[in-house]
Amino acid sequence: MAKVFRSWDVDQGWLLPPSLHEFVPPGHRAHFVRDTVREALDLSAILDTYTEERGYPPYHPGMMVALLLYGYSRGLYSSRQLARACEERVDVMAVTGLNRPDFRTIADFRKRHLVALSDLFVQVLRLCRAAGLVEFAHVAVDGTKLKANASRHKAMSYGRMKTAEPALAAEVDAWLERAREADAAEDQAHGAGRRGDETPDWMADKQRRLEAIRAAKAALEAEAADPPDPEDENGPGASSGMRWQGRPLRGDDGAPPDRAQRNFTDPDSRILPMRDGFVQGYNGQIAVDAAHQVIVAHRLVTNSADYRALVPLVDGVRAHLRRKPREVSGDAGFANEANLVALKERGITGYLAPGRARHGEADAAGRRRLTKMPLMSAMAARLKRAGRRSRYRLRKQVVEPVFGQIKQARGFRQFLMRGLEQVRGEWAMICTAHNLLKLAQADR
């Protein structure tokens, strides 16, 4: 007998399930995210902006919020990916109710309501606490570098700007003179009323580049005259506003140093060091509760230094949940005397690594430095005495997996938006989607 196979008739007509709840299995995350947005989140900050009664009815804001949060939880970040999923994926159709907003509508909604979407982080975090996912016993903090929506090759140093600007200006002036000569010759040949006097594209491009260089140069000079917010720019030793992580913010003549750089695509982003080189991007920092790896506070800055983030993250936990953690751990990037003093004042036990000796040798200079900082010295002795039993070991198993879930499992390695405030809102949505997934797992 010939083997019998199951039917495969691609021309068979089908009726859709009578209910959207049948598009995916009952325990699917699509149902959880949709129902959480509909029933548990306060969207009044978004709904109250729709005051115009006239015009074609817009998509329901709740549906748009659910689409964005579900997309972020599934690794769909761009508006084009989300719009395509509305047409191709039944799990997304279960969220949108078969609505198919185009990519421009999705992008405009996210941009228009970015602040309100960022504020949903606190609401979801409080739902996690109500579900018993936050215990405040131990919180670990860390930061990770994420690419900006810009190439580091589109950045130019101030020194290069100083040489490129006059060279480009002279080149543009020469082209303009040649264009005027060509216009005069064409006027004589064809008459003054004939076309042919438009600026050539090749010259317009050079002019636009010259304008961009002049704008970036002026911005760097403005920063040198009035250094930016220390929270975003200055690092250790910058109390005078003159240095950032040992590098001068200002030259001897009051102008920016030649190595100061600015990116033409996203001027707020910075070149940040990583293990395998450098990246044009931002530094996303989080505090994670050890019980279920729920993000309890987040922060995003433009420099690679983490030590300034400890106090804002710890205070953010208290601001969001009206309670402080009992323990906080962080790597050497968070360890300094001021942070240990701040934790002691708040009644929090800190486990901050004060650094390690290089190449297995004792660092005499490091020991001398620690003797001038009693809390750092006591911390080093306590961690060494506890060894592998130290509570510091929790840091790596609490906060590092969260970055792995965000960057590897869900594929978020580059921001889509540009500008510091826009990127901060996008980082908040990433953290909100992470907590939603933790809440969904607890709901099973």
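**Exercise 1. Are Tyr-72 and Tyr-77 buried or exposed, and how do their rings pair?**

Solution. Step 1: Tyr-72 and Tyr-77 are both buried, where buried means under 20% relative accessible area, exposed over 50%, and partly exposed in between (1.4 Å probe, protein chains only). The model is a predicted one, in which local features need pLDDT of at least 70, side-chain atom pairs count only at pLDDT 80 or more, and totals for chains, interfaces and linings use all residues. Residues are numbered from 1 along each chain as its sequence is written, and side-chain values use heavy atoms, with hydrogens and water left out.

Step 2: Rings of Phe, Tyr and Trp (its six-membered ring) pair if their centres lie within 6.5 Å; planes under 30 degrees apart count as stacked, over 60 as edge-to-face and the rest as tilted. By this rule there are five aromatic pairs. In one of them, the ring centres of Tyr-72 and Tyr-77 are 5.2 Å apart and the planes stand at 85°, so this pair is edge-to-face.

**Exercise 2. Which type of pair do Phe-412 and Phe-415 form, and which residues form one aromatic cluster?**

Solution. Step 1: For Phe-412 and Phe-415, the centres are 5.3 Å apart and the planes are at 75°, so the pair is edge-to-face. Phe-412 and Phe-415 are both buried.

Step 2: One aromatic cluster is formed by Tyr-72, Tyr-77, Tyr-282, Phe-412, Phe-415 and Trp-427.

**Exercise 3. Which residues touch the most other members of the largest nonpolar core?**

Solution. Step 1: A nonpolar core is a set of buried Ala, Val, Leu, Ile, Met, Phe, Trp, Tyr and Cys residues joined through side-chain atoms within 4.5 Å. The largest one has 92 residues, and Val-65, Ile-286 and Trp-427 touch the most other members.

Step 2: Helix α16 (residues 420-443) gives this core its largest share, ten residues. Helices (H or I, at least four residues) are DSSP runs, numbered from the N terminus.

Step 3: Contact means heavy atoms within 4.5 Å. Not counting residues up to four places away in sequence, Trp-427 touches several residues, including Ile-286, His-298, Phe-403 and Phe-415.

**Exercise 4. How many disulfides does the structure hold?**

Solution. Step 1: A disulfide is a pair of cysteine sulfur atoms within 2.5 Å. The structure holds zero disulfides.

Step 2: Cys-128 is buried, with a relative accessible area of 0%. Cys-431 is also buried, and its relative accessible area is 0%.

Terms used. Helices (H or I, at least four residues) and strands (E, at least two) are DSSP runs, numbered from the N terminus.
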